[in-house]
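This report describes one protein chain and the two ligands modelled with it. Please consult the sequence and the structure shown below while reading.

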Amino acid sequence: MPSLAEEICIGNLVSLQTLPDSFTWKLTTAYSDLPPSSATVEESIPVVDLSDPDVTTLLGNACKTWGAFQIANHGVPQDLLDDIESLSKTLFDMPAERKLEAASSDKGVSGYGEPRISPFFEKKMWSEGFTITDGSYHNHFLTLWPHDHTNYCGIIEAYKAEMEKLATRLLSCILGSLGVTVDDIEWAHMPENSESKVGFGAIRLNHYPVCPEPERAMGLAAHTDSTMLTILHQSNTGGLQVFREESGWVTVEPAPGTLEVNIGDLFHILSNGKIPSVVHRAKVNQTRSRISIAYLWGGPAGDVKIAPISKIVGPVGSSLFRPVTWKEYLQIKSEVFDKALDAIRTDNPSNSPSNVL
Ligand SMILES: C=C1C[C@]23C[C@@]1(O)CC[C@H]2[C@@]12CCC[C@@](C)(C(=O)O1)[C@H]2[C@@H]3C(=O)O
Ligand SMILES: O=C(O)CCC(=O)C(=O)O
Ligand SMILES: [Fe+2]
């Protein structure tokens, strides 16, 4: 019987020459690895310069076509990106036993561990990570860095502040491309929600160690983020792939100075389906390990319901999704994973009151 450290920590597997069966994926299911026959040229997601005068149109097109894009001139200081990347490296370089002292509890999400989506897959993913959803990372950091935790906590706080600023800016540009403003979001007018119109979701530090057989392994399986949007910083090693029906899996090469943005399920709901949430995954590498840092921008806190923006639905249109709170949506996602959007669709016969127990 393997110990918890052997069971959970990919750090113990890097010396292996072959992939254990429990980590070997058959990549023939839902999203094929092969490009569709219609895909002719090698494609890539757009890089949008945020200082471009046409930024609203450019972001709108990228969102509608891909649900993902890279951004240049985003204003996040390079030093901060370097700091959070080196914080992540320091953490993942620790021995398995040390990392496990900061493991997320059985019920909790925050802390060190496997990707949260792991239970939905038969095979294990070739990655480890650390999730920050609340203040509990202070205690985890104190355990990991007894003498230096204040410094590391400061990096997280500064990162959160910069990312929130950037996410808010992106939200207003993307809404602009749909002909609406933040004030058209119904919950934005609620006085009790004035402190934070969209809530913090999570920061996920991901580590993908060198892998003996990358073709047969999976770093992070295909998923959409539940968020409004996710801002991703990837180290200089590629691995992120986004899926588009017409193109198949497309690798997002890390371009120096850029950040990658994924549209999440909440934005899909707000836009009444006009903007897709992007299916993405992370592949691994035979010679280089990889770090990525995802800032997952969540929904509004508490009882506030998220629903398609009325002005986008229009006077005669119909709302594709029923209203849900962010907490409720995360719960649905944790139960039905990739069927979560279907579970709240108003035109899905299995969601009609007579079919809901
Ligand atoms: C706020 C959240 C989004 C997330 C679930 C969580 O409660 C905390 C972890 C987040 C994350 C990060 C990696 C990918 C993802 C799908 C996962 O398994 O955990 C997302 C979740 C999500 O977007 O649903
Ligand atoms: O590591 C990556 O490139 C993807 C990470 C990701 O999708 C996530 O953390 O949600
Ligand atoms: Fe993701």
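## The shell around ligand 2

In this predicted model, strand β12 gives the most residues to the shell around ligand 2, namely three. Helices (H or I, at least four residues) and strands (E, at least two) are DSSP runs, numbered from the N terminus. A residue counts as near a molecule or strand if one of its heavy atoms lies within 4 Å of it. The residues around ligand 2 are Asn206, Tyr208, Leu220, His223, Asp225, Leu232, Leu240, His280, Ala282, Arg290, Ser292 and Ala294. By class, this shell holds six nonpolar, four polar and two charged residues. Here Ala, Val, Leu, Ile, Met, Phe, Trp, Tyr, Cys and Pro count as nonpolar, Asp, Glu, Lys and Arg as charged, and the others, Gly among them, as polar.

An N or O atom in the side chain of Tyr208 is 2.6 Å from an oxygen atom of ligand 2. For His280, the distance from a side-chain N or O atom to an oxygen atom of the ligand is 3.0 Å, and for a polar side-chain atom of His223 it is 3.3 Å. On its own, ligand 2 has 300 Å² of accessible area, of which the protein covers 95%. Accessible areas come from the Shrake-Rupley method with a 1.4 Å probe; for residues, only the protein chains shown count as cover. Two or more residues of the shell come from each of β5 (200–208), β6 (220–223), β11 (279–282) and β12 (290–297).

## The shell around ligand 1

Ligand 1 has 13 residues around it, and Val109, Arg116, Ile117, Asp225 and Ser226 come nearest. A polar side-chain atom of Ser226 lies 2.5 Å from an oxygen atom of ligand 1, while a polar backbone atom of Ile117 is 3.3 Å from an oxygen atom of this ligand. Taken alone, ligand 1 exposes 460 Å², and the protein buries 93% of that. The elements that give two or more residues to its shell are β5 and α9 (326–336). By class, the shell has six nonpolar, five polar and two charged residues.

Strands pair if DSSP finds at least two bridges between them. Three bridges join β3 (residues 111–113) to β4 in an antiparallel arrangement, with Gly129 as the bridge partner of Gly113. Five bridges join β4 to β5, also antiparallel, and Glu128 is partnered by His207 in β5.

## The chain as a whole

The chain contains 10 helices and 14 strands. Of its 357 residues, 50% are buried. The chain exposes about 16900 Å², with carbon and sulfur atoms supplying 53% of it.

## Conventions

Residues are numbered from 1 along each chain as its sequence is written, and chains are lettered from A and ligands numbered from 1 in the order in which they are written. Local features need pLDDT of at least 70, side-chain atom pairs count only at pLDDT 80 or more, and totals for chains, interfaces and linings use all residues, while side-chain values use heavy atoms, with hydrogens and water left out.

Conventions:
A polar contact is a pair of N or O atoms within 3.5 Å; within protein, one must be able to donate a hydrogen and the other to accept it, and residues adjacent in sequence count only if both atoms are side-chain atoms. Buried means under 20% relative accessible area, exposed over 50%, partly exposed in between (1.4 Å probe, protein chains only).
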